[in-house]
Amino acid sequence: MSDIIKKPEPGRFARAWDSDIAYSFRKSPLAIVAAAVSLLIILAAIFAPWIAPHDPFNPATLNLMDGFTPPMEPNQFTGNTYWLGTDNQGRDVFSTILYGARISLFVGFMAVAFAMVLGITLGLIAGYRGGWIDSLLMRVADVQLTFPSILLALLIFGVARGFIPPAYREAMAIWVLIVAIGLSEWVQYARVVRGATMVEKSKEYVQAARVIGAHPAKILIRHILPNVMGPVLVIATIGLALAIIAEATLSFLGVGVPSTQPSLGTLIRIGQGFLFSGEWWILLFPSLTLLALALSVNLLGDWLRDALNPRLR
């Protein structure tokens with residue numbers, strides 16, 4: 001009898017490529033375009049120091065004579081040409097967008113990470129322990145949901161800056177903004193994780209872990225947490241777009257990122273002041289970048305929600 005030839009097992013990449021989520025992604029042109037736009041903006045922001053033609057935040061490289069140069073037109077004084085024009089200080093708009101996107105993405109990712117850690121932790125505790133801890137945390141969440149998140153972030157930002165000495169306010173502004181946005185968005189994670197934890201804790205694998213004497217923290221982290229992360233990833237993807245918009249809104253109102261470290265929201269606020277004087281490009285291009293980033297991330301979140309839902313497969 002001849003030996004049976006065994007087929008080699010597929011590698012990790014091959015298994016991931018053949019998964020349901022990868023198949024759903026390949027069959028969704030909208031998800032592919034959204035992922036490409038998001039990845040392009042993120043990579044451009046990461047490699048901004050190597051891509052940007054100028055360093056817009058280095059005063060030594062600025063020339064006020066280049067101010068208000070229209071896109072793709074030579075400046076009447078210096079003859080320099082810029083792809084997206086310049087602002088009132090002679091800064092290249094394309095370079096400011098790349099550097100501003102770095103700050104917006106950093107604030108967005110860190111705010112989502114902070115909200116996720118806080119919301120998941122409180123949701124696991126509330127769903128697993130129940131009782132008065134669950135009631136207290138959920139009542140706090142219900143009260144917070146009655147306030148618009150942007151107003152709550154504005155309140156937290158103002159209170160936090162009041163406790164910071166004036167000499168450190170500008171240096172700590174970005175971290176205060178991250179905490180303010182994160183504290184205004186943790187409720188969604190907590191409520192979803194709490195509901196999923198209440199379902200999972202009654203299943204047999206959790207009961208078996210209790211019988212063998214596993215510590216509650218180990219049960220939560222090792223057994224329950226991996227099974228409740230699906231909805232959390234969807235919320236985090238959509239929450240990233242909301243966090244970026246929240247940062248832009250606060251910066252547009254003048255209470256977010258300081259002017260020395262302008263984000264997309266700050267650039268939009270600067271450009272809004274020159275909209276009716278004819279320098280439309282100072283406002284248009286940062287606005288389009290923010291719109292493309294937020295919309296593409298939001299569309300990815302919608303696709304991920306449908307891809308992780310077995311009823312829609």
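**A chat about the fold**

User: Let's start with Met72. Is that residue buried or exposed?
Analyst: Met72 is exposed, with a relative accessibility of 56%. The cut-offs are under 20% relative accessible area for buried, over 50% for exposed and partly exposed in between, using a 1.4 Å probe and protein chains only. This is a predicted model, where local features need pLDDT of at least 70 and side-chain atom pairs pLDDT 80 or more, while totals for chains, interfaces and linings take in all residues. Residues are numbered from 1 along each chain as its sequence is written, and side-chain values use heavy atoms, without hydrogens or water.

User: Where does Met72 sit, and what is its phi?
Analyst: Met72 lies in the loop between H4 and H5. Its phi is positive, about 60°, although Met72 is not a glycine. Most residues other than glycine have a negative phi.

User: Which other residue in that loop has a positive phi of about 60°?
Analyst: Phe68, which is not a glycine either, has a phi of about 60°, and Phe68 is also placed in the loop between H4 and H5. Phe68 counts as partly exposed, at 33% relative accessibility.

User: OK, zooming out. How many helices and strands does the chain have?
Analyst: There are 13 helices and zero strands. These are DSSP runs numbered from the N terminus, with at least four residues of H or I for a helix and at least two of E for a strand.

User: What are the overall dimensions, and how much of the chain is buried?
Analyst: The C-alpha trace spans about 80 × 65 × 30 Å along its principal axes. Of the 313 residues in the chain, 41% are buried. Looking at contacts (heavy atoms within 4.5 Å) between residues at least 6 apart in sequence, 69% join residues at least 24 apart.

User: What about the largest nonpolar core?
Analyst: The largest nonpolar core holds 64 residues, and Ile181, Tyr189 and Ile224 have the most contacts inside it. Helix H5, residues 93–129, contributes the most to this core, with 16 residues. A core here is a set of buried Ala, Val, Leu, Ile, Met, Phe, Trp, Tyr and Cys residues joined through side-chain atoms within 4.5 Å.

User: Which residues does Tyr189 touch?
Analyst: Leaving out residues up to four places away in sequence, Tyr189 touches Val112, Ala115, Met116, Gly119, Ile120, Val232, Ile235, Ala236 and Gly239. There is also a second, separate core of seven residues, including Ala31, Ala34, Leu300 and Leu304.

User: Switching to Tyr128. Where is that one, and is it buried or exposed?
Analyst: Tyr128 is in helix H5, and at 11% relative accessibility Tyr128 counts as buried. Beyond residues up to four places away in sequence, Tyr128 touches Thr197, Lys201, Arg210, Pro216, Ile219, Leu220 and Ile224.

User: Last one: Arg91. Buried or exposed?
Analyst: Arg91 is buried, with a relative accessible area of 6%. Arg91 is found in the loop between helix H4 (48–51) and H5.

User: And what does Arg91 touch?
Analyst: Not counting residues up to four places away in sequence, Arg91 touches Pro56, Phe57, Leu62, Gly85, Thr86, Thr96, Pro262 and Ile270.
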